[in-house]
Amino acid sequence: AVEKAIPFAIVPCCVFAREFPNRLLPCEKEEGTIFKPVQTRIELIQYLTLKHRTIQKATLTFEGANTVLYSTFENQPIVSEIVAT
């Protein structure tokens, strides 16, 4: 969705840290920025939010995994398909 600027909404719940070891979050340390693996749902939400500046976060009105991430990609350039005539 992000690559093609397609509006989306997702509710992240399962992290699957072992299956996705390349999901890394920047972490500021005294010695500079390091990257740590995403291991919690909160970290997964942070990781996904960093994918694009238009991604927003809202809280749904139920318990449990209730954070929705979404984007409509408004005010973003639209990549149009070239159609041969």
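Strands β4 and β5 (residues 67-71) pair in the antiparallel sense, with four bridges between them. Two strands are taken as paired if DSSP finds at least two bridges between them; helices (H or I, at least four residues) and strands (E, at least two) are DSSP runs numbered from the N terminus. Within this pairing, Gln56 stands opposite Tyr70 of β5. The structure is a predicted model, in which local features need pLDDT of at least 70 and side-chain atom pairs count only at pLDDT 80 or more, while totals for chains, interfaces and linings use all residues. Residues are numbered from 1 along each chain as its sequence is written, and side-chain values use heavy atoms, with hydrogens and water left out.

The β4-β5 pair belongs to an open sheet of three strands, ordered β1-β5-β4 and paired antiparallel. Because β1 (8-10) and β4 (56-59) are at the edges and have a single partner strand each, one side of each is left without a neighbour in the sheet. On average, neighbouring strands of this sheet are turned by 25° against each other, direction ignored. Axes here are lines fitted to C-alpha atoms, for helices over the stretch in contact, and angles run from 0 to 180 degrees between N-to-C directions.

The secondary structure comes to one helix and five strands, following the pattern β-β-β-α-β-β along the sequence. Strands β2 and β3 form a hairpin with two residues between them. They run antiparallel and are joined by six bridges; Cys27 has Ile34 in β3 as its bridge partner.

Helix α1 (residues 41-49) lies across β1, β4 and β5, and runs at about 5° to β5.

What does the loop between α1 and β4 contain? Thr54 lies there, and its relative accessibility of 14% is why it counts as buried. The Thr54 side chain makes a polar contact of 2.8 Å with the side chain of His52, and another of 2.7 Å with that of Ser71. A polar contact is a pair of N or O atoms within 3.5 Å; within protein, one must be able to donate a hydrogen and the other to accept it, and residues adjacent in sequence count only if both atoms are side-chain atoms.

A search of the whole structure finds one aromatic pair. Phe8 and Phe73 form this tilted pair, at 6.0 Å centre to centre and 50° between the planes. Since Phe8 lies in β1 and Phe73 in the segment after β5, the pair ties together parts that are 65 residues apart in sequence. Rings of Phe, Tyr and Trp (its six-membered ring) pair if their centres lie within 6.5 Å; planes under 30 degrees apart count as stacked, over 60 as edge-to-face and the rest as tilted. Phe8 is buried at a relative accessible area of 18%, and Phe73 is buried at 6%.

For the chain overall, buried residues make up 25% of the 85 residues. Of the contacts with a separation of 6 or more, 43% are between residues 24 or more positions apart.

Key
Contact = heavy atoms within 4.5 Å. Buried < 20%, exposed > 50% of the residue type's maximum accessible area, 1.4 Å probe, protein only.
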